[in-house]
Amino acid sequence: VQLQASGGGLVQTGASLRLACAAAGRSYTYAWFRQVPGEEREFVAAVAWSGGRTFYADSAKGRFTISRDDSKNTVYLQMNSLKPEDTAVYFCAAGRPTLSAIRDSSMYYYWGQGTQVTVSS
């Protein structure tokens, strides 16, 4: 299974971006992670496969929204009020983690290739 992430770019502080991930099907939990060179991959948001419950990192709450459109087999990450510290490569991932492990990157089987988000100050 290959996930395809898109939508990254270079924007100014305060701008918005919407990332999209061509998904692997309805029966997976999908998440977005991000990574800065030299640092560990960081959880951003997830949407559970059953019930559509959403989860966010503290840094994303109130600014980012994860959603899934099963009719289009696509998962989105709407990012508003972007800050320079949001600069990273963003990855989408699919898996079946338990809710308690939904923030754990090792629980996801499939990964997209990453899309670069750069926020200038």
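**Entry 1: threonine 29.** I note that the model is predicted. I then placed threonine 29 in strand E4, which covers residues 29–35. For its side chain, I found a polar atom 3.1 Å from the backbone nitrogen of tryptophan 49. Leaving aside neighbours within four places in sequence, I listed the contacts of threonine 29 as Val47, Ala48, Trp49, Ala93, Ala94, Gly95, Pro97, Ile102 and Tyr108.

**Entry 2: the disulfide.** I searched the whole structure and found 1 disulfide. Cysteine 21 and cysteine 92 form the pair, with an S to S distance of 2.2 Å. Cysteine 21 belongs to strand E3 (residues 17–22) and cysteine 92 to strand E9 (residues 88–95); the two are 71 residues apart, and the pair links distant parts of the chain. I find both cysteines buried.

**Entry 3: the chain as a whole.** I counted 11 strands and 0 helices in the protein chain. The radius of gyration is 13 Å, close to the 14 Å that the globule rule gives for 121 residues; I therefore describe the chain as being as compact as a globular protein of that length. Along the principal axes, the C-alpha atoms fill a box of roughly 40 × 30 × 25 Å. Of the 121 residues, 44% are buried. I also noted that, among contacts between residues at least 6 apart in sequence, 57% join residues at least 24 apart. The accessible surface comes to about 6100 Å², with 47% belonging to carbon and sulfur atoms.

Conventions: Residues numbered from 1 in each chain as written. Predicted model: local features only at pLDDT ≥ 70, side-chain atom pairs only at ≥ 80, totals over all residues. Heavy atoms only, no water. Helix = DSSP H or I, 4+ residues; strand = E, 2+ residues; numbered from the N terminus. Polar contact = N/O pair within 3.5 Å; in protein donor to acceptor, adjacent residues only side chain to side chain. Contact = heavy atoms within 4.5 Å. Disulfide = S-S within 2.5 Å. Buried < 20%, exposed > 50% of the residue type's maximum accessible area, 1.4 Å probe, protein only. Rg over C-alpha atoms; globule rule 2.2 N^0.38 Å. Areas by Shrake-Rupley, 256 points an atom, 1.4 Å probe, with all protein chains shown as cover.
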